[in-house]
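The following questions and answers examine one protein model. Please consult the sequence and the structure as you read.

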Amino acid sequence: MLKIVETSVRDGHQSLFATRMTTQEVVSLCQIYDKVGFHAIEVWGGATFDACLRFLNEDPWDRLRLVRQVCKNTKLQMLFRGQNILGYRHYSDDVVDMFCKKSIENGIDIIRVFDALNDIRNLRQAVESTKKYGGECQIALSYTTSPVHTIDYYVELAKDVEKLGADSLCIKDMAGVLLPEDAKKLVTALKSEIKIPLELHSHCTAGVCEMTYMAAIEAGVDIVDTSMSPLSNGTAQPSTQALINALKGSKYDPKLNMDAIHEAEPLVTDIVDKYVKNGLLNTKSFEINPNILKYQVPGGMLSNMIKQLSDQDALDKYEDVLKEIPKVRKDLGYPPLVTPMSQMVGTQAVLNILNNERYKICTKEVKDYLHGKYGKAPSSINEELRKKIIGDDEVINCRPADLLEPEFEKLKMDYKDIARSDEDVLSLALFESVAADFLKKKYNAEEVETDEFEMFV
Ligand code: CO
């Protein structure tokens, strides 16, 4: 029997409409999803945290607690970027530890940890802390294709993942570039080499995902990720309902509660309609883009890039930017295109095209990457380029977080005027100015409410 993880309230809207679903919408869906019998619901992490604070004026921790309240039967899962947590830099081990602790305390059951570069050293602390606080830890390997990303490469990594103590392994194909035949070979190889459950996460961007899932299922994958229609397909996951229907009568039938699924459908439709009408969901995101197989661009990155270009009135450069992406990637040693590497490579490609000169301007992130601050690149970096950008600066070879002093207590002191809880400190550690603005508004509003209340007593 196949197990299913429902992703619409995290990856679904992150891939299709820049993570703008509100807490109220998320909670109303989760309330029904809880009756379906999913293996887990992916509800938190990834870009949801940032989007809550930055765009929705909502506290991501409140969202998690509210979802937990309405999900009594189903495990809640989050996506966690190893030593980056949910942010864009490396954090010290004690901040990673505290984030795992607070995530689990506030309702998370499964923490899916990945590192953009598949540098196992960047996963160790998150695995240790998740287990320490009683959570289930899944390690996700960022899937990509390149001369170095062979089946042997993934099998060797998977063995290291198992040794590290992960409870399960996920193949995270964020760009949707895994083809059915490769999935069959990869799943078969992994299932014969590792004992922990194996999950597949992919995207429909290239139009092959359902076929890839089927090949993986027949090769023995234990769990797959799907998203409730119509918040599915395109740059998101395959449709939950379609997969269930396709498996009916087979030994893989996940045996889920279809009545509950039908109950959720009108709500999902209303949500999708709302974001199409307000323009956040560009229906271009639903189109099959076979070129993805050539350019390796994940769904979230694609929808953000379309937005970036249209803000600059440069949508006509779309194809040029897509063509620039594989070149930047090769220069940087074939990093998989997943956060933060996807933003780094995507932004650099946009800059290279809009400036009419490659690497005329480089982001701070690319410079840090070239200094080794994100970990080890999968393959060798273009040394000529490295020299051009960072000169003779020292490049580090150790685990980047080994160079960081503990910082949680210091952050707590720094933010003592704004933060009222360790959760607040973590929000501030991750998204300093955005979180500070948010918390000031949140607590001021609360004080106003209290004052008004007292006036009427
Ligand atoms: Co994804």
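**The cobalt site and its surroundings**

Q: Which protein donors hold the cobalt ion?
A: Donors are N, O and S atoms within 2.8 Å of the metal (3.2 Å for Na, K and Ca); water is not among the atoms, so sites may look incomplete. In this predicted model, local features need pLDDT of at least 70, side-chain atom pairs count only at pLDDT 80 or more, and totals for chains, interfaces and linings use all residues. Residues are numbered from 1 along each chain as its sequence is written, and side-chain values use heavy atoms, with hydrogens and water left out. At 2.0 to 2.1 Å from the cobalt ion lie its protein donors, Asp-11 (OD), His-201 (NE2) and His-203 (NE2).

Q: How many residues apart in sequence are the parts that Asp-11 and His-203 tie together?
A: Along the chain, the donors of the cobalt ion have the spacing D-x189-H-x1-H. Asp-11 belongs to helix H1 (residues 8–17) and His-203 to the loop between strand E7 (198–201) and helix H9 (209–218), so the parts tied together by this pair are separated in sequence by 192 residues. Helices (H or I, at least four residues) and strands (E, at least two) are DSSP runs, numbered from the N terminus.

Q: Is Asp-11 buried or exposed?
A: Buried means under 20% relative accessible area, exposed over 50%, and partly exposed in between (1.4 Å probe, protein chains only). The relative accessibility of Asp-11 is 4%, so this residue counts as buried.

Q: Which side chain makes a polar contact with that of Ser-146?
A: Ser-146 is placed in the loop between strand E5 (136–142) and helix H7 (151–164), and its relative accessible area of 16% makes it buried. A polar contact is a pair of N or O atoms within 3.5 Å; within protein, one must be able to donate a hydrogen and the other to accept it, and residues adjacent in sequence count only if both atoms are side-chain atoms. At 2.6 Å, the partner of the Ser-146 side chain is that of His-149.

Q: How many residues of H15 are buried?
A: Helix H15 covers residues 341–354, which gives it 14 residues. Among its buried residues are Met-341, Val-345 and Ile-353. H15 is mostly covered, the number buried being ten of 14.

Q: What area is buried between domain 1 and domain 3?
A: The domain assignment, automatic or from a database, gives domain 1 as 3–277 and domain 3 as 407–455. Buried area is the accessible area (1.4 Å probe) that two parts lose on being put together, summed over both. Carbon and sulfur atoms give 65% of the area between these domains, which is about 1800 Å².

Terms used: Expected span 1.5 Å × (residues − 1).
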